[in-house]
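Please consult the sequence and structure shown here while reading.

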Amino acid sequence: MRVQWKMGFRFDLLVFTVALLSSPVLSDLILSKVDRRIDLTSQIVRITSTLKVENAGSESVSQVLLAFPDLQVKDLAYLSAKPTEGKGKAKRSDVTLPVEAANPKGMPSALTFYAVSLPKALGKGDSYTFDVLAVFTHALRPFPEKITQADIQLVVFQDSAYYLSPYAVKVQSLSVKLPEARIESYTKLENTKIHGSEIKYGPYENLPSFSYSPIVVHFESNQPFAVAQELVREIEISHWGNVQVTEHYNLFHGGAQSKGEFSRLDYQARPTIRGASAFRYLVAKLPPRAHSVYYRDEIGNISTSHLWGDSKKTELLIEPRFPLFGGWKTTFTIGYGLPLKDFLFQSEGKRFINITFGSPMNELVIDNLIVKVVLPEGCRDISVSAPFPVNQWEETKVSHLDIVGRPVVVLQKSNVVPEHNQFFQVHYKFNKLSMLREPFMLISGFFFLFVAGIIYMHVDMSISKSSASYLVRLQWDEVQAATQQIRNIIDRCLTTHDKLEASLRDLSRTGDVQACKSARKAADVLLKELSKELKPLLSFLQSSSVAGQILPKVEELVSKEKELQEKVMVKHSTVVDCYEKKTGLRDVENRVASQQQKITALKREVENLLELIDEI
Amino acid sequence: MAPKPITSPVPDVWYPTLSVFMLAIGLIVTASFFIYEATSSRQSRSLAKEVLTGAVASVFLGFGSLFLLLASGVYV
């Protein structure tokens with residue numbers, strides 16, 4: 001039957017043959033009640049059908065067939081069935097009935113069938129009620145196809161007023177919900193009512209199987225027709241506490257094509273009239289506690305975005321650089337970080353990420369969605385569980401501080417709608433020690449730097465090992481080392497002197513002569529040892545040919561130190577003697593005063609010499 | 001067994017503090033390493049001391065720079 005529909009123009013509708021089939025119907029099911037609701041308020045067409053199936057035959061049936069014309073099937077993005085809630089039938093709404101493609105024999109070739117498996121087989125006379133949600137993309141055809149900036153966008157939707165089914169339908173009704181705007185025209189059949197923005201068809205009773213009566217609705221729709229030709233979502237897991245999501249959008253306006261010129265002035269002045277068909281912003285609903293959100297494109301940051309959030313969600317409103325009219329394209333990237341503990345879990349020795357599949361954008365149609373899950377380096381036994389079939393392959397990605405690259409699970413699906421925004425899981429095994437790879441790389445990097453420094457300082461870089469200057473330098477190094485050792489010895493002598501002085505002070509305070517004497521003894525032993533150590537070093541310096549410059553100073557230093565040592569000893573014995581003979585304090589002071597002067601002078605000289613040697 | 005959420009081994013909020021302190025310690029040890037290299041003569045230098053100082057400095061600098069990366073949003 002060829003249907004033509006006139007309204008100043010002609011539509012070639014569906015070429016469809018409703019042969020009242022001579023072949024017997026598969027089973028003796030009948031649909032006792034069908035209630036269909038078509039939601040056309042956005043660019044995505046959602047058809048919810050409540051079906052009440054009844055088994056009129058004698059054999060039990062466990063599958064119900066759903067029929068869609070091929071023309072619709074190519075736009076079908078999502079199909080699900082679930083038991084109708086309430087009335088004690090099935091209260092849990094998250095239970096879905098399995099739906100699979102079916103290919104029954106003896107059916108019209110222009111139809112595609114899906115089979116819904118019922119939770120339990122229907123016996124004779126039993127009935128069961130369930131909801132079928134079918135979501136279509138690109139089902140609203142803009143008409144006219146090209147409009148100017150000032151025009152409103154009109155779209156056409158076609159379907160059947162009768163529920164297309166391989167079963168006979170007893171009672172059925174259809175309601176079409178339109179956006180709150182003008183309705184250009186709609187097909188009027190018997191029992192058609194219009195109520196505000198809702199068109200009601202039916203109820204129709206006792207229709208045979210494969211009844212079909214085309215309806216066309218032509219109406220204004222200025223909803224954003226945002227279609228992502230391609231969306232690449234990259235979900236990167238870091239066990240250091242972050243799940244980074246980066247989304248690359250390649251977006252266009254899928255509505256009526258824009259023709260003629262675009263006037264920014266008109267648009268700016270009266271955006272609702274001169275640009276009704278354009279959309280200027282998109283809203284993304286990000287998960288709660290999203291942080292570090294950015295929105296940019298190839299040029300750089302796009303500043304026209306707004307972010308607000310509460311404990312349940314984070315909302316991101318983004319405005320592209322220009323308003324999008326029909327056919328206009330834009331590309332941009334949004335990215336955000338999510339806390340690890342909200343998405344990564346451990347169970348039975350395996351870790352898994354549990355995150356949504358689709359885009360967070362509201363009412364966005366995605367023609368080709370690629371989800372890449374980038375796992376940390378060192379993950380093994382990777383497996384994916386997705387709630388619907390997806391194409392899947394693996395890649396590797398080399399990122400920060402990687403050696404072999406990170407394993408990437410790529411999931412691809414075409415024709416994605418918000419209904420696909422379901423959680424999927426990627427399971428993998430991970431050894432906790434693998435987390436230390438990154439710090440270990442940094443540590444070894446720094447360590448190589450130090451090793452290079454050490455090697456540079458140790459390796460002899462001179463080319464000719466026999467040249468005179470080289471030999472001189474070697475000797476000079478030895479002289480320096482010897483001088484350094486002499487210095488250290490002198491320093492130790494000086495601290496011993498200080499100790500003796502301190503013992504004298506203790507003596508004047510406590511009057512303990514014995515303690516003072518034992519301190520003297522210890523100092524004597526130590527000084528003797530030090531002078532023994534000093535001897536070979538001095539003789540080495542004397543024998544060395546390059547030490548000529550430094551030798552006199554060192555010798556002077558050693559002799560001065562010896563002198564100082566003697567003076568300190570003399571002073572020490574004098575004071576101790578005085579204490580033993582119990583001479584008056586004043587006497588002691590008088591006797592020591594001259595010695596003390598010499599000691600101070602010598603000390604200063606020794607210090608000066610030390611500085612001089614350091615300079616050389 | 002119910003799935004258990006996985007968190008980072010070190011709370012995120014500690015990253016800036018940790019990076020500042022570890023880098024400070026690391027740089028101090030690095031400074032002492034180079035001072036030792038420059039001031040000690042070839043004979044009096046001890047390889048063990050050099051390697052030990054270098055190792056300690058690189059551990060602190062390594063973890064410090066890791067936490068610096070994490071604190072600045074580069075989740076490695």
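Which strand of chain A supplies the largest share of the lining of the largest cavity? The share belongs to strand 5, with four residues. The model discussed throughout is predicted.

## The largest cavity

The volume of the largest cavity is about 180 Å³. Its lining consists of 17 residues, and those nearest the centre are A:Arg36, A:Ala67, A:Phe68, A:Gln72 and A:Tyr163. By class, 12 of the lining residues are nonpolar, three are polar and two are charged.

Several strands of chain A contribute to this lining: strand 4, strand 5 (61-69), strand 9 and strand 12 (154-160) each provide at least two residues. Strand 5 gives the largest share, four residues.

## The second largest cavity

In total, the structure contains six cavities of 30 Å³ or more. The classes represented are six nonpolar, three polar and three charged residues.

## The largest pocket

The largest pocket has a volume of about 510 Å³. It is lined by 20 residues, and A:Tyr78, A:Leu79, A:Val99, A:Phe388 and A:Pro389 are the closest to its centre.

Two strands of chain A, strand 6 (76-83) and strand 7 (99-102), each contribute at least two lining residues. The largest share, six residues, is supplied by strand 6.

## The seven-stranded sheet

Strand 6 of chain A, which contributes to the lining of the largest pocket, also belongs to an open sheet of seven strands. The strand order in this sheet is 6-9-4-3-13-16-15, with mixed pairing. Strand 6 and strand 15 (192-195) are the edge strands, each pairing on one side only. On average, neighbouring strands of the sheet are turned by 15° against each other, direction ignored.

Strands of a sheet pair through backbone hydrogen bonds, in either a parallel or an antiparallel sense. In chain A, strand 4 (residues 45-55) and strand 9 (residues 127-136) form an antiparallel pair over 10 bridges. Within this pair, A:Lys52 has A:Thr129 of strand 9 as its bridge partner. Strand 4 and strand 9 also each supply at least two residues to the lining of the largest cavity.

Notes
Residues are numbered from 1 along each chain as its sequence is written. Chains are lettered from A and ligands numbered from 1 in the order in which they are written. This is a predicted model: local features need pLDDT of at least 70, side-chain atom pairs count only at pLDDT 80 or more; totals for chains, interfaces and linings use all residues. Side-chain values use heavy atoms; hydrogens and water are left out. On a 1 Å grid over the protein atoms alone, a cavity is a set of points where a 1.4 Å probe fits but cannot get out, and a pocket is an open set with protein on both sides within 12 Å along at least five of seven lines; lining residues have an atom within 4 Å of a point. Grid points are joined across faces, edges and corners, and a volume is the space filled by probe spheres set on the points. Two strands pair if DSSP finds at least two bridges between them. Axes are lines fitted to C-alpha atoms, for helices over the stretch in contact, and angles run from 0 to 180 degrees between N-to-C directions. Ala, Val, Leu, Ile, Met, Phe, Trp, Tyr, Cys and Pro count as nonpolar, Asp, Glu, Lys and Arg as charged, and the others, Gly among them, as polar.
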